[in-house]
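I opened this notebook to record what I looked up, one entry per topic. The structure comes first, then the entries.

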Amino acid sequence: MTRDPRYDVLFAPVRIGPHIARNRFYQVPHCNGMGYRDASALAAMRGMKAEGGWAVVCTEMVEIHHTADVSPYVELRLWSDQDIPMLARIAEAIGAQGALSGIELCHSGYTANNLWSREAPMAASPMPTASYFHDPIQARGMDKEDIRNLRRAHRQAALRARQAGFDLVYVYAGHGLGIFQHFLSRATNLRTDEYGGSLENRARLLREVIADTKDAVGGDCAVPVRIAMHEFQGAAGLEPAEVEDAIAMMAELPDLWDLSLSDWSKDSQTSRFSEEGFQEPYIKGVKKLTSKPVIGVGRYTSPDAMVRVIRQGIMDMIGAARPSIADPFLPRKIEEGRLDDIRECIGCNICVTHDYTMTPLRCTQNPSMGEEWRRGWHPEYIRPRDADAHVLIIGAGPAGLEAGRALGQRGYRVTIADKSGEAGGRVARESKLPGLAAWARVRDWRLLQLRKLSSVSLYLESEMTADSIVEFGADQVLLATGSHWLRDLTGRYFTAPATFDTACDVLTPDDLMAGQRPRAREVTIFDDDHYYMGGVVAELLAREDHGVTLVTPAAVASAFTKASLEQKAIQSRLLSLGVKIIANQAVAGVAPDHVRLHCVFTGAETLHGAGSVVLVTARRPVDCLWQDLAARHLPVGRAGDCYAPGTIAAAVHSGRAFAEDFGRPPRDFLDLPFRREVTALS
Ligand code: ADP
Ligand code: SF4
């Protein structure tokens, strides 16, 4: 197939400083939880994007100096010449596939706590550091010599980046993480010298560093500037009008303007809170200020939307982090006219949670993300079957669909049976909850791929029993039968089950997703799960006019969503819907007209008047078939939630792992299933 001429504009080359980008697909810098610890894995991941057709592929933020140490987070470092080989490996992996490599040099100012280096953090003005853990650390205000030293450090890092082979060397003033943004914003720059006060003064350091970087490497490397258009603090911080004035003052200095929002939670909004293209209102004024290429992001996965933003003069290249994670081959698929093969990002931010947990990047839609080097997985290819075999998969949720798709791609005969009338398992159910519609893409992409595989058949409304499975006579059975929510209070906080009076109206998320509703107007939700479900269920019931109280043993609602950047937005939405949040309490017992609350600090118990109760605590595998079949000594595997309930991303990954391993000799429990990179001793 060939490209639809409508999309030709996306494949026009673009000049960026001394380089030509081969098309308009630009993978902006993004974090990945691998950094200096997993450099070869990182190189393979970036190289995969280049193979998939992106014209520019960038690193994450790279610490330029030991006072820019953002540990415990694991980013790349360029503290000394020792780091150059690691960075060169990444630049080389990108360049080998014909893409331009970009490096985002970064000094994080008061957001670098220097926990590893033990240096005093430096900032535009003295202030407590920004930190996830509220570390008891303050940054010292920089004097003129510090400013001169920072400029020298940035210049030296630029020279090292060039030596490592990078084509684009960034000056970073974005996400509240780059010190040049801290100087630019009156929220973080309280100086009274020529680097503080007026916009011209606050922009002085940024202007100087752009000039320094151009001077150091500008002949060989392009110098983009990544800048925050909005800090969402009202006039106390940066707003688009002022940032536009700053850009106008330096319009032609850099080789490209890369626009974003600050902080990261505003820039990487999830689909629960924003649509594709959500940044356009903030960035649309910039192109008229400069002749240099302008890029922006906004979770673009639709080629028509990409064409529109270019034709409307909003940006010159399509910036993407998450769409390139979900589908590293997005540009090639558009070029080859294979639009329905695009694996669209669902906007869930599981990818982001792994930067926060300092573990290798992963993706709900793309199970090969982060596994390119470690397990040798490819987002598009998988090795052909070793021999003929017929695999029967029970369950068409994310695990079963991905296993079936990947086994079918390998050439195996696959039958998938699901008792439900609808494919997709939990994704089909959860995507009907408020804000989660885009999650249906996990199912839809896989169903579309299955339709192209003649060796795979899917049967709905087909409940399987141990007897019918034996009778079917497949060579291999895979159970992907999912899990169900518990109704007995067991979870993280209480591990022993409780029993309730039968008069109590106690529901679980499964009941709500099946269409059941609380009998009483007042509803108490006990969220001992801490990810999205408790908050989503609260939103659902509040929108349906129930009076909702959310009880959580954590300090905030949906506590884990801090890591997916959603917590503030979730709590704010719940509060605006009138949901009452009772923090630091667990529901210890349920009676027909009240619940017993248990203080997580003192253990003191109080009664809280409650109507109906929804328990969002823990899930249990649906594994009765497993018990039956194991007793009959059949070749049976398990994948997804029926093995261990987890995220949708984990279910997809385990389905893929089953398909990858199928046909290989069974692995001993003591054998590592992946490669590791172990630091060489000095
Ligand atoms: P996962 O996230 O692990 O893929 P899901 O809960 O999303 O799990 O999907 C499990 C699927 O398995 C559901 O669609 C469910 O209808 C199906 N299922 C469970 N038990 C059976 C069974 N005995 N026969 C057929 N389908 C089943
Ligand atoms: Fe998109 Fe979710 Fe994948 Fe991140 S993890 S790239 S948000 S689908």
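**Entry 1: Leu 489.** I started with Leu 489, which is buried because its relative accessible area is 1%; buried means under 20%, exposed over 50%, and partly exposed in between, with a 1.4 Å probe and protein chains only. The model is a predicted one, in which local features need pLDDT of at least 70 and side-chain atom pairs count only at pLDDT 80 or more, while totals for chains, interfaces and linings use all residues. Residues are numbered from 1 along each chain as its sequence is written, chains are lettered from A and ligands numbered from 1 in the order in which they are written, and side-chain values use heavy atoms, with hydrogens and water left out.

I placed Leu 489 in the loop between β20 (483-485) and β21 (506-507); helices (H or I, at least four residues) and strands (E, at least two) are DSSP runs numbered from the N terminus. Leu 489 is not a glycine, yet its phi is positive, at about 75°.

Entry 2: I noted the background: most residues other than glycine have a negative phi, and most peptide bonds are trans. His 134, also not a glycine, has a positive phi of about 55°. I found His 134 in the loop between β8 and β9, and it counts as exposed because its relative accessibility is 69%.

I then listed two cis peptide bonds. One runs from Ser 71 to Pro 72, with omega near 15°, and Pro 72 sits in the loop between β4 and β5. Another joins Ser 262 and Asp 263, with omega about 5°; Asp 263 belongs to the loop between β13 (256-260) and α8 (264-267).

**Entry 3: Ala 68.** I looked up Ala 68 in the loop between β4 (56-63) and β5 (76-77). Is Ala 68 buried or exposed? Its relative accessibility is 0%, so Ala 68 counts as buried. Leaving aside neighbours within four places in sequence, I recorded its contacts (heavy atoms within 4.5 Å): they are Glu 63, Cys 106, His 107, Ser 108, Ala 112 and Asn 114. Ala 68 and Ile 179 are 111 residues apart in sequence, and their C-alpha atoms are 9.5 Å apart in space.

**Entry 4: Thr 301.** I found Thr 301 in the loop between β14 (294-296) and α10 (303-311). With a relative accessible area of 3%, Thr 301 is buried. Its side chain makes a polar contact of 2.6 Å with the side chain of Glu 344. A polar contact is a pair of N or O atoms within 3.5 Å; within protein, one must be able to donate a hydrogen and the other to accept it, and residues adjacent in sequence count only if both atoms are side-chain atoms. Beyond four places in sequence, the residues in contact with Thr 301 include Glu 276, Pro 323, Ile 342, Cys 345 and Arg 441.

**Entry 5: aromatic pairs.** How many aromatic pairs does a search of the whole structure find? It finds 15. Rings of Phe, Tyr and Trp (its six-membered ring) pair if their centres lie within 6.5 Å; planes under 30 degrees apart count as stacked, over 60 as edge-to-face and the rest as tilted.

I took Tyr 132 and Tyr 356 as one example: the ring centres are 5.3 Å apart and the planes are at 45°, so the pair is tilted. This pair links distant parts of the chain, 224 residues apart, with Tyr 132 in the loop between β8 (127-128) and β9 (138-141) and Tyr 356 in helix α13 (residues 350-356). Tyr 132 is partly exposed at 36% relative accessible area, whereas Tyr 356 counts as buried at 19%.

Phe 183 and Tyr 195 form an edge-to-face pair, 6.3 Å centre to centre with 80° between the planes. Phe 183 lies in helix α4 (residues 179-184) and Tyr 195 in the loop between α4 and α5 (199-202), 12 residues apart. Both Phe 183 and Tyr 195 are buried. I also noted one aromatic cluster, formed by Tyr 73, Tyr 132, Phe 133, Trp 264 and Tyr 356.

**Entry 6: ligand 1.** By class, the shell around ligand 1 has 9 nonpolar, 9 polar and 6 charged residues. Ala, Val, Leu, Ile, Met, Phe, Trp, Tyr, Cys and Pro count as nonpolar, Asp, Glu, Lys and Arg as charged, and the others, Gly among them, as polar. Helices α14 (398-410) and α15 (426-430) each supply at least two residues of that shell.

I noted polar backbone atoms too: one of Pro 398 is 3.1 Å from an oxygen atom of ligand 1, and one of Lys 419 is 3.0 Å from a nitrogen atom of ligand 1.
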